[in-house]
Each structure stands twice: as C-alpha cells, then as structure tokens.
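User: I have a model open and want to go through its fold. Can we take it step by step?

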Amino acid sequence: MPSNARFLSPSEAARRLGVSAKALRLYEQRGLVAPERTAAGWRAYGPGQMARAAEIVALRALGFSLAQVARVLQGDPQGLEQTLEAHQAALEAQLHGLAGTVAKIRSLRSDLRQGRTPTIGELADLRAPASGVRVAFELPWPWGGELFELRDIRALNYIVGPLGSGKTRLAHSLAKALPGAVFLGLQRLDATEPAGAKAKPLADHRSKSSVDAAMAWLVEDGATPSDALGVLLAALVAEGPAVPLIVDMIEQGLDQPTQEALIAWLRRRGPGARPVFMLTRSCAILDLSAVGPDESIILCPANHSPPMQVAPHPGSPGYEAVATCLASPEVRARTAGVIAWRPPGRLQAAAATP
C-alpha cells in the first residue's frame, strides 16, 4: 500500500460515494472493485479503487445491472443499446413534464397580468405535478387507524420492514385502495397449483411475446429461468400500464443473479410503465445505492409507527432502519421461514397477563 496515498475505510469510502458499505462489499464480491488491505487485514480504498467505485455507482444510476456493469468495465458493449434507450426515454419524459410545467407557469403569469390570482392548488401543482394516481386510507391493525397517504405512485415502490411490522397488511390495504390493483401473493410459488391459478393467463400472442422477450433479456443478463420468474413476468404484462401490481416478497424463488437482472429489467421499462409495489428484504432487489428518481421506499417501522417514505440517502430519517432490514439473497435463503421463538413458560405467562 503506497504510503503517500490517501486511503479510506469502507465506511468513509461509502459516505463519499453516497452508497452503503454493504454495496461496496457486493461490488467486491462480484469482482468489480478490489480494495487494498492494511497490515492488520482491514479493507482500504485508495484513489484507484475510489475512481473505479465511482464509475460503478454512475453506471448503476443509469439502470445497469451488475452483470452489465462488469461487461462495460471490460469494454464489452453488449446490452448497452437497450439500457441507453431506456435512459433516453426517461430523460425525454422528464423534458416533457418540464415543458408542461413551464407552460402552466406561463399561463399563470398571463393570468396575473390580467388581474387573476392563481389558486393554492395551481401553485402546489407546479412543485409536484399530479401523477394521476393518488391514494389515502385508514391504516388497519396493528396501527391505530392513522391516515396513510401516497401523493404519487412511482414506477417502482419498495415496502420494507422487519418481521411482524405489518408489511403484508399494508400491501393488502394498498391493493384494496388502488383502483384495479392486482396482489400477487406467495401462493404463486405453490407447486401443487396449476399454472393457470398462479397468474392471470396471457390474453394474447403479443403478451406472450413480451414475456418471452423479457425472459430472454433476463437470461442474457445472468438470470436463471424458473416458474417463479415466469409467473412474475406474466403478471407484469397481463394488465394495462396504469394498473398497479403488488408483489409479496418478490425475491422468493429467485437466486441472486436473477434478482439483480430482474430489478435492472424493471428499471429499464422506461416512463409510463406499470407501477409495481414490491415487498422485499433483499439487498439485491433494493440496492440503496441504485435507487432512482422514479422509485420510492416505504418503511414499516418495528414499533408500528405509521409507515413512512424514506429517502435513499445515508443520514436521512429511516435510512438506517431500512438498511438493517435488508440482507443478501444467501442470508435470506438461510433464514427463510425463521420466526421469533419464546419458551412455552413465557407464552403461558404472557397469555395469563391481563
């Protein structure tokens, strides 16, 4: 390790890059960046490693999966066209939205010159234009009936929380409150059910072709074909783009490369894509360093406080709580089905307590 270079610890490097230390470890596991080691064996990031990590973060922000990042870093252009196309579409949609906002401002200024004062609602719409989908409802048990509101529905929405925090109840409530929403539960993984009962059958050849094309893209990006993946893709193309899809534990039945490829594919769908709510506890699905502007994180706190939206930035309210809920697919698979256990004596004592 050069003595004249400035080396950073993983936590310092992550803070400067705006990602989590867990993300840096994932990049290392995939062979994308190789930190130095101190004499005591601790990881250290020098100028070279920081430059490479910054490139990875930038590519992830463009919607690249880790498999695509690896290819780009090796000079392989495979898959670049589709990702750049999706990024272009997203930017053009933003330009279209800005143009609409500028036109509204121009109209309001014209009204002012003619003596008409804009309403509060018209002014508020300049800051947060209506997305066309808003929802509000009273929270069920274990909450106390507090009002839950989503001002807008993003293309990708993550619902996160520890075991027993009410994630599934919130998801079911959303499915009831959102017009036409479809809830895809864990029964989709039941091998005893016929394929037709797992997901709505594809209505036409075009839908089947869309699923086949998506599966081909995912496999090319490292995904493993499976019934679980097929059911997810069928559900995503079965309804119109305005119909929200709510998926319980989207990572179930999918290995890590498949999860990484799936979330990259979901991001590349571009603006106007079907909104998806994903219950998840996988850091491959919810990589906090890669969350984009058209994505939102909803945290269900362990103490059953009302669910809250969390910004994907270290130090923001709820960020650390979200990070502690996430684990790698390997850990998730090892702890699948684990529930809290209390000795029988304590259970009886708890039951007898008034």
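Analyst: The questions below go from the whole chain to helix packing and then to the strands.

User: How many helices and strands does the chain have?
Analyst: This is a predicted model. Of the 354 residues of the chain, 42% count as buried. The secondary structure comes to 14 helices and ten strands.

User: What share of the contacts with a separation of 6 or more comes from residues 24 or more positions apart?
Analyst: Take the contacts in the chain with a separation of 6 or more. Residues 24 or more positions apart account for 67% of them.

User: Which handedness does the crossing of H3 and H4 have, and how do the residues of the contact divide?
Analyst: The crossing is right-handed. From H3 come Arg52, Glu55, Ile56, Leu59 and Arg60; they meet Leu66, Val69, Val72 and Leu73 in H4. The residues of this contact divide into six nonpolar, no polar and three charged.

User: Which residues form the covered face of strand S4?
Analyst: In a regular strand the side chains alternate between the two faces of the sheet. In S4 (residues 147–150), Leu147 and Glu149 make up the uncovered face. The covered face has Phe148 and Leu150.

User: Which residue in S4 is the bridge partner of Glu138?
Analyst: Strand S3 (residues 135–138) pairs with S4 in the antiparallel sense, over four bridges. For Glu138, the partner in S4 is Leu147.

User: Which strands stand at the edges of the six-stranded sheet?
Analyst: The sheet is open, with mixed pairing and the order S6-S7-S8-S5-S9-S10. An edge strand has a single partner strand, so one side is left without a neighbour in the sheet. That applies to S6 (182–184) and S10 (308–310).

User: What does the twist of that sheet average from one strand to the next?
Analyst: The six strands run in the order S6-S7-S8-S5-S9-S10. From one strand to the next, the twist averages 25°.

User: Which residue in S9 stands opposite Ile159?
Analyst: S5 (residues 156–160) and S9 (residues 295–299) run parallel, joined by five bridges. Opposite Ile159 stands Ile298.

User: What angle does the direction of helix H11 make with that of S5?
Analyst: H11 (residues 256–267) packs on the sheet. The helix touches S5, S8 (276–279) and S9. With the direction of S5, the direction of H11 makes about 135°.

Conventions
Residues numbered from 1 in each chain as written. Predicted model: local features only at pLDDT ≥ 70, side-chain atom pairs only at ≥ 80, totals over all residues. Heavy atoms only, no water. Left-handed = near helix turned anticlockwise from the far one by under 90°. Helix = DSSP H or I, 4+ residues; strand = E, 2+ residues; numbered from the N terminus. Contact = heavy atoms within 4.5 Å. Nonpolar A, V, L, I, M, F, W, Y, C, P; charged D, E, K, R; others polar. Buried < 20%, exposed > 50% of the residue type's maximum accessible area, 1.4 Å probe, protein only. Pairing = 2+ DSSP bridges. Axes fitted to C-alpha atoms, helices over the stretch in contact; angles between N-to-C directions.
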